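Welcome! Open the structure in your viewer, keep the selection tool at hand, and follow along stop by stop.

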Amino acid sequence: MFAGRKVRFGSYGNPTLIPLRIVQRIAGIADGWTGYFHNWRELGKAKARKWNRFFMASTETVESLQTAKKWGLRVFHASPVKPDGLLECVADSHGIECIDCMLCAGGKNAKDIWIDPHGSKKKKAVLAATK
Ligand code: SF4
């Protein structure tokens, strides 16, 4: 059912609830995937790094970004403030959809991604960024 398809892990929840071996199998046959996990701190550095092979570590504050980078994680940073060196999500910068981009697939060999949250998430992001 996943062969040749592009998968968005965690559309309805944290994808680290899926056993890692199943994620590995899905990713192994899929045409590509995206995924984000929020509980990287709770998992601890070693486990978070394993999950980060597949999913982006979500960060919202300068402190969480710094910690995730210290842990060697690739991040998806949502904040009204763009940190140096992060690539703006191409959906915002170029109007490209995730299915045609697929940059948010964890791993280590691509830039971290930044997005300026909009809509209902904007207010929460502004509060988080000022913590
Ligand atoms: S960078 Fe943006 S468009 Fe590309 S996969 Fe990530 S969220 Fe989607």
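Let's begin at the ligand. By class, the residues of the shell around it are 12 nonpolar and one polar, with no charged ones. Keep in mind as you look that this is a predicted model.

Now select the shell itself. The ligand is surrounded by 13 residues, and the closest are Tyr36, Cys89, Cys98, Cys101 and Cys104. Next, highlight two helices, α5 (90-94) and α6 (98-101): each of them supplies at least two residues of this shell.

Click on Cys101 for another case: with a relative accessible area of 27%, Cys101 is partly exposed. How many disulfides does a search of the whole structure find? The search finds zero.

Now move to the sheet. Select its five strands and trace them in the order β3-β4-β5-β7-β6; they form an open sheet with parallel pairing. At the edges you will find β3 (36-37) and β6 (87-88), each pairing on one side only. In general, strands of a sheet pair through backbone hydrogen bonds.

Zoom in on β5 (residues 75-78) and β7 (residues 113-115). These parallel strands are joined by three bridges. Pick Ala78, and opposite this residue you will see Ile115 in β7.

Terms used. Residues are numbered from 1 along each chain as its sequence is written. This is a predicted model: local features need pLDDT of at least 70, side-chain atom pairs count only at pLDDT 80 or more; totals for chains, interfaces and linings use all residues. Side-chain values use heavy atoms; hydrogens and water are left out. A residue is near a molecule or strand if one of its heavy atoms lies within 4 Å of it. Helices (H or I, at least four residues) and strands (E, at least two) are DSSP runs, numbered from the N terminus. Ala, Val, Leu, Ile, Met, Phe, Trp, Tyr, Cys and Pro count as nonpolar, Asp, Glu, Lys and Arg as charged, and the others, Gly among them, as polar. Two strands pair if DSSP finds at least two bridges between them. A disulfide is a pair of cysteine sulfur atoms within 2.5 Å. Buried means under 20% relative accessible area, exposed over 50%, partly exposed in between (1.4 Å probe, protein chains only).
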